[in-house]
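Dear colleague,

I am handing over the structure below, together with a short account of what was found in it. Please read the notes alongside the model.

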Amino acid sequence: MLALGERAKAAATVLAQAPGAVRDEALLSAADLLEEATDSVLAANRDDVANAQAAGTSDTLVDRLRLDHGRIGAMAAGLRNVAALADPVGERVDGWVRPNGLIVERVRVPLGVVAIIYESRPNVTSDAFGLCLKSANAAFLRGSSAALQSNIAIAEALREGVVKAGLPADALLLVTDTRHSAATEFMRLRSCIDCLIPRGGPALISSVLANATVPYVIDGDGNCHVYVDAAADLDMAADIVANAKLSRPSVCNAAESLLVHRSVAETFLPRIVGDLCDVELVGDSASQAISRRIGAASPDDFSTEFLALKMSVAVVDDLDAAITHINRHGTGHSEAIVTGDLAAAQSFTRRVDAAAVLVNASTRFVDGEEFGFGAEIGISTQKLHARGPMGLTQLTTTKFVVTGQGHTRG
């Protein structure tokens, strides 16, 4: 593992000096070669899918694992889209001149070696590689055993594209040792890894928190809330809640909890219960008294990211109670308020502790592409060094460049 890390470090040094045009050429070559390798990638993927099904893996996880011509085409298109984005490396963030004439500037530079540990989705191999290369970082990847053959086939095509553009193949390094002990060793390569990003469920995140000694950014749980305020347009609220819960229930920016102001609960809850007819609703005693379709919530339900057609419901007395509930049970991901009261909206956005707060909009908009980043590598729920959707800018750090004319300090 150390030898792989040292290779990634060496590649990162080369990439940091590579012109943006060369990195873009490598991305475009990689996209072409990935499409050319479609048959071999699909053959490898069929083996992974067959093994997963034989092991009794759930249909949901098998679907995440499965590739087809459309998904591979989308991966290639993603690489081309990333190539078309503005290059963050070398950007002058700010600068000033000191009274003594000394010029101080801050410019963007790559992080170096970005390590990503992820679960079943083989498309992450391509997506992560693309964002890392565009930002001049080496991508050091460790996928799951379930997708190993798919990941190997994808990585081979991508590495060939990098070499074709004259850059080191080790711009992408894939760890093929899928033992748990190897994962722990991977998380502790402090001499090689500059930033670790885990992409997976609670077990993976817990493992990183317990074992990692390298700097990391947590792509965390999304126990997201929608709060329907007393001043809400209830038609708008119904549309937002339905979209936030139903458009894609298995993703981290889907709404998991609904809070409704007591003054509108008698009107709003029966309506939204009908709109969420396929959703298992569990709630507090006040919500249950309004609708028989709402079952009793367990003590843990209000703090749970369901990632399924299930939602917790609570009736709150006022805005303060809603904010208190969210800050107690939320995971710091995305929280929304529906209201026509400007003061309530401003109070909510100021006081709710989350990476993203939304006013009169679905939580499903918290996404790098929807924010205009072009792509993302995850959504950070921590506060250092990145928070919220992580695009190319979040895969860089800054360096001070100081220019003088023989300046010395007395």
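Ser 347 counts as buried because its relative accessibility is 10%, and buried means under 20% relative accessible area. Please bear in mind that the model is a predicted one. Ser 347 belongs to helix 14, which covers residues 342–351. Leaving aside residues up to four places away in sequence, Ser 347 touches Leu 319 and Ile 323.

Three strands make up an open sheet, arranged in the order 1-2-16 with antiparallel pairing. Strand 1 (92–97) and strand 16 stand at its edges; each has a single partner strand, so one side of each is left without a neighbour in the sheet. From one strand to the next, the twist averages 20°.

Strand 2 comprises residues 103–110, and five bridges join strand 1 to strand 2, the two running antiparallel. Opposite Val 97 stands Ile 103, a residue of strand 2.

Which residues make the nonpolar surface patch of about 320 Å²? Trp 96, Phe 400 and Val 402 make this patch. Of these residues, Val 402 is found in strand 16, which spans residues 396–403, and strand 16 is one of the strands at the edges of the sheet.

With kind regards

Methods
Residues numbered from 1 in each chain as written. Predicted model: local features only at pLDDT ≥ 70, side-chain atom pairs only at ≥ 80, totals over all residues. Heavy atoms only, no water. Patch = residues over 30% accessible without salt bridge, like charges linked within 9 Å, V, L, I, M, F, W, Y side chains within 5 Å. Areas by Shrake-Rupley, 256 points an atom, 1.4 Å probe, with all protein chains shown as cover. Salt bridge = Lys/Arg side-chain N within 4 Å of Asp/Glu carboxyl O. Helix = DSSP H or I, 4+ residues; strand = E, 2+ residues; numbered from the N terminus. Buried < 20%, exposed > 50% of the residue type's maximum accessible area, 1.4 Å probe, protein only. Contact = heavy atoms within 4.5 Å. Pairing = 2+ DSSP bridges. Axes fitted to C-alpha atoms, helices over the stretch in contact; angles between N-to-C directions.
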